[in-house]
Amino acid sequence: MRSSIAKRYGTILAFATALVGGVVLLVNLYFLERYSEESVVAGKQHITRLIETEKIRDSELMASTIASNLDVPVYHLDFSAIQEILEPLNLEEHISYTYVHDLEGHIIHDGTPEIQTYNQPVASLLPYSLESFSDSTSRQSELRLHVAAPVVVGTTTLAVLRVGVDFEDVNKEVGLLNQQFEKEASELRSSILLYTFIAITLLLAMTTLIVFLFSRNLFLPIQTLVDRCYQYAEGNTTVQFKLARKDEFGVLGNALQKMKESVTASQKQIEELAYLDPLTLLPNRRMFNEELETMIDWAAAHDHKVALLFIDLDHFKQVNDFAGHDVGDQLLRDVAERLSSLLKEVTQLIDLPIPEKLLLSRLGGDEFVMIVPCFHEPECLSVIASHIEQVLGEAFVIKEERHHISASVGITHYPEKADNITELVKQADIAMYAAKHSGRNRHRFYEPDMNSEVLEKIQITSGIRDALDSNDDQLFLTYQPIVNLENSEIVGAEALLRWNHPKKGMIPQDYFIPLIEKSQLLASMTLWVLEKACTDLASNIYPIDKGFKLSVNISGAVLKNKGLCKQITELLRHHDIPNHCLHIEITETSMMENIDSCYDTLCEWKETGVDIWIDDFGTGYSSLGYLHKLPIDGLKIDRSFVTDRSNKHQVIETIISLARSLQLETISEGIETKEQQDYLTQMGSDFGQGYLFSKPKALDEFLKLLPEN
Ligand code: C2E
Ligand code: MG
Ligand code: MG
């Protein structure tokens with residue numbers, strides 16, 4: 001349990017104040033006590049001095065008065081008169097003696113009728129020695145005051161009167177007064193001490209209370225903020241840090257509030273990133289898995305069916321590569337929007353366990369996956385997939401440019417095909433893969449035998465990767481001669497790739513090359529072919545025939561690879577072969593598919609001096625406008641027109657005259673008979689290639705066809 005700092009520090013401060021106050025009180029009382037004691041002593045001394053002084057003054061006054069009365073009796077030595085004056089004095093209890101003596105110190109009278117001390121030296125009766133004086137004076141012994149006053153006639157001192165005054169009474173009086181004073185002083189001191197104690201204690205209590213309250217007030221907002229911080233840390237996100245104060249605590253509260261808002265926003269963003277695809281804001285793979293699980297549980301509980309549609313965009317990569325990632329991103333967002341709208345229609349009247357928008361997810365790249373709940377027959381899914389193909393088939397207008405893509409959709413469903421999410425996702429993925437390899441822009445339902453079909457394709461791709469990496473002769477080139485149609489002389493050859501798989505044997509090129517063209521391995525394969533062709537040309541063919549032209553097939557999709565042109569010119573320079581000895585063949589279809597990127601690259605290639613032919617011409621849909629602009633050197637008439645001329649000779653004639661008007665060479669493929677050769681020669685085709693002259697041959701065999709061998 002957390003202890004309150006306001007309470008804790010409030011108590012500590014109050015206690016410290018009380019302690020300091022207590023010490024101050026004790027010190028105060030100690031000095032007060034000492035001061036009062038000293039005051040009493042001083043007071044007593046003062047009283048004693050005051051009374052004694054008064055007594056002395058009275059005694060001296062009395063002595064000088066009596067001495068002045070004695071002048072005449074002494075002058076006349078009238079003893080009875082002197083006695084008369086001294087007798088009442090002697091009767092006073094506190095008068096211990098009265099002597100009148102002459103200036104030599106002999107007693108004249110002692111106040112008694114007998115005057116027994118007459119003529120005795122007064123010094124012998126007194127406790128001190130005599131001195132001459134002219135004024136009243138006194139001396140004090142322990143218990144007595146000895147007063148002396150001159151008896152003067154005119155200006156002449158006749159005698160001295162000495163009176164002994166007992167001080168016992170005075171001392172008693174002083175003692176009584178001192179006692180009384182001490183008592184009163186003591187009472188006063190006690191009261192002062194008491195009142196001081198009470199006053200200081202009250203003051204102390206008040207100060208302690210004020211300190212306690214003040215410190216509590218000081219620490220309370222901090223305590224409040226600390227408590228709220230703990231609440232927030234324990235997951236209470238509704239807690240507010242703002243304090244209704246304008247002081248530093250208010251500022252601190254506002255700062256914490258801002259911090260909390262920023263932390264909350266970051267947390268939300270992190271959660272979104274963890275579950276949402278940041279580009280389309282659709283659920284990502286993680287969230288998709290959770291939602292699919294929910295949907296399967298729901299379907300199981302309600303005896304429903306749930307389908308999974310795996311959607312992969314066709315040609316998206318081209319859009320991304322050629323139009324830029326901005327456009328690619330926007331296209332993905334537009335795809336998400338179109339699919340979401342479609343999904344809304346599909347799920348319109350269904351009471352779902354999750355919001356309908358969570359049924360569409362983006363798994364990454366151009367892969368989307370749609371969960372379709374409650375369908376009745378698989379045909380319904382076919383209709384939905386067709387709708388998907390339709391909505392995604394419509395042009396996307398981004399930055400005023402129209403972009404065309406299509407979609408390949410793989411379909412599977414619960415519970416007939418699979419009863420768990422891992423299997424469902426795998427099946428939908430395989431079905432999509434099959435749809436893609438069946439020609440794209442279509443959908444396929446998952447079938448168990450697709451597994452082996454897809455697996456085999458995956459094996460082929462990874463096998464080619466191994467073959468490209470290894471230096472064995474799994475991959476090799478065959479060469480098919482290209483001849484001058486008029487005299488059948490070999491002017492060049494076409495390099496054609498072959499793959500001899502270590503286990504499966506020869507793999508048909510019509511099978512593996514299209515697979516590679518759809519994979520990431522295309523660039524590596526193209527480079528491998530070019531390197532091999534250049535090496536063979538430089539080492540074996542060029543030394544024999546300096547005018548020989550070697551044709552290499554390049555897929556249009558690889559032309560976007562900007563570095564390739566530089567690589568090939570370096571390769572030719574490395575092998576010391578003139579650039580014009582190399583032809584590249586790009587199929588009409590792949591060129592038209594990549595026409596925008598092809599144009600610039602072909603111009604670049606052309607500048608290096610390499611010749612460019614359009615392969616399989618006539619099978620694609622070349623526009624005359626493009627043909628006119630493209631930096632090409634020749635058209636290879638597709639084999640299909642040559643082989644079966646029954647109703648296609650018009651096409652051949654058109655292609656040849658088109659080429660002539662564009663000042664392009666023509667090369668006829670697939671010539672198998674002399675008749676075909678003659679016809680094509682007659683039509684004006686420049687070069688020919690076909691089994692009539694030679695099938696594609698391994699290098700050694702091919703070299704035997706060359707004139708010098
Ligand atoms: P292509 O470029 O049109 O190559 C000509 C094809 O016609 C070759 O097939 C060749 O064997 C075949 N051919 C030639 N004369 C005749 C004939 O008289 N009768 C018949 N029936 N066929 C004939 P191949 O070697 O099977 O190559 C098929 C396609 O594979 C090539 O068509 C080309 O598009 C592609 N290809 C081959 N090697 C490569 C390569 O290294 N790179 C790329 N991208 N594609 C290649
Ligand atoms: Mg070719
Ligand atoms: Mg061809």
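A residue counts as buried under 20% relative accessible area, as exposed over 50%, and as partly exposed in between. The exercises below use a predicted model.

**Exercise 1. Classify Lys 549 and Asp 611, and state what links their side chains.**

Step 1. The relative accessible area of Lys 549 is 27%, so Lys 549 is partly exposed.

Step 2. For Asp 611 the value is 13%, so Asp 611 is buried.

Step 3. A salt bridge, 3.9 Å from N to O, joins the two side chains. Lys 549 belongs to strand β16 (residues 549-553) and Asp 611 to strand β18 (residues 611-617), so the bridge ties together parts that are 62 residues apart in sequence.

**Exercise 2. Describe the pair Glu 669 and Lys 636: are these residues buried or exposed?**

Step 1. The side chains of Glu 669 and Lys 636 form a salt bridge of 3.7 Å, N to O. Glu 669 sits in the loop between β20 (665-668) and α20 (674-683), while Lys 636 sits in strand β19 (residues 634-637), so parts 33 residues apart in sequence are tied together.

Step 2. Glu 669 has 9% relative accessibility and therefore counts as buried. Lys 636 has 0%, so Lys 636 is buried.

**Exercise 3. How far apart along helix α21 are Glu 701 and Lys 704? Classify both residues.**

Step 1. Both lie in helix α21 (residues 699-705), three residues apart, which means a separation of about one helical turn.

Step 2. Glu 701, at 38%, is partly exposed, whereas Lys 704, at 55%, is exposed.

Step 3. Elsewhere, salt bridges with shared partners connect Glu 494, Glu 585, Lys 636 and Glu 669 in one network. The structure holds 20 salt bridges.

**Exercise 4. Describe how helices α8 and α9 cross.**

Step 1. Two packed helices are described by the angle and the distance between their axes.

Step 2. The axes of α8 (residues 325-346) and α9 (residues 378-393) come within 10 Å and cross at roughly 145°. The crossing is right-handed.

Step 3. From α8, Val 335, Arg 338, Leu 339, Leu 342 and Val 346 meet residues of α9, namely Ile 384, His 387, Ile 388, Val 391 and Leu 392.

**Exercise 5. Locate Ile 198 and state which surface patch includes this residue.**

Step 1. Ile 198 is part of helix α4 (residues 168-233). Its relative accessibility is 38%, so Ile 198 is partly exposed.

Step 2. Together with Leu 194, Tyr 195, Phe 197 and Leu 202, Ile 198 makes a nonpolar surface patch of about 520 Å².

Technical notes: Residues numbered from 1 in each chain as written. Chains lettered and ligands numbered in written order. Predicted model: local features only at pLDDT ≥ 70, side-chain atom pairs only at ≥ 80, totals over all residues. Heavy atoms only, no water. Patch = residues over 30% accessible without salt bridge, like charges linked within 9 Å, V, L, I, M, F, W, Y side chains within 5 Å. Areas by Shrake-Rupley, 256 points an atom, 1.4 Å probe, with all protein chains shown as cover. Salt bridge = Lys/Arg side-chain N within 4 Å of Asp/Glu carboxyl O. Helix = DSSP H or I, 4+ residues; strand = E, 2+ residues; numbered from the N terminus. Buried < 20%, exposed > 50% of the residue type's maximum accessible area, 1.4 Å probe, protein only. Axes fitted to C-alpha atoms, helices over the stretch in contact; angles between N-to-C directions. Left-handed = near helix turned anticlockwise from the far one by under 90°. Contact = heavy atoms within 4.5 Å.
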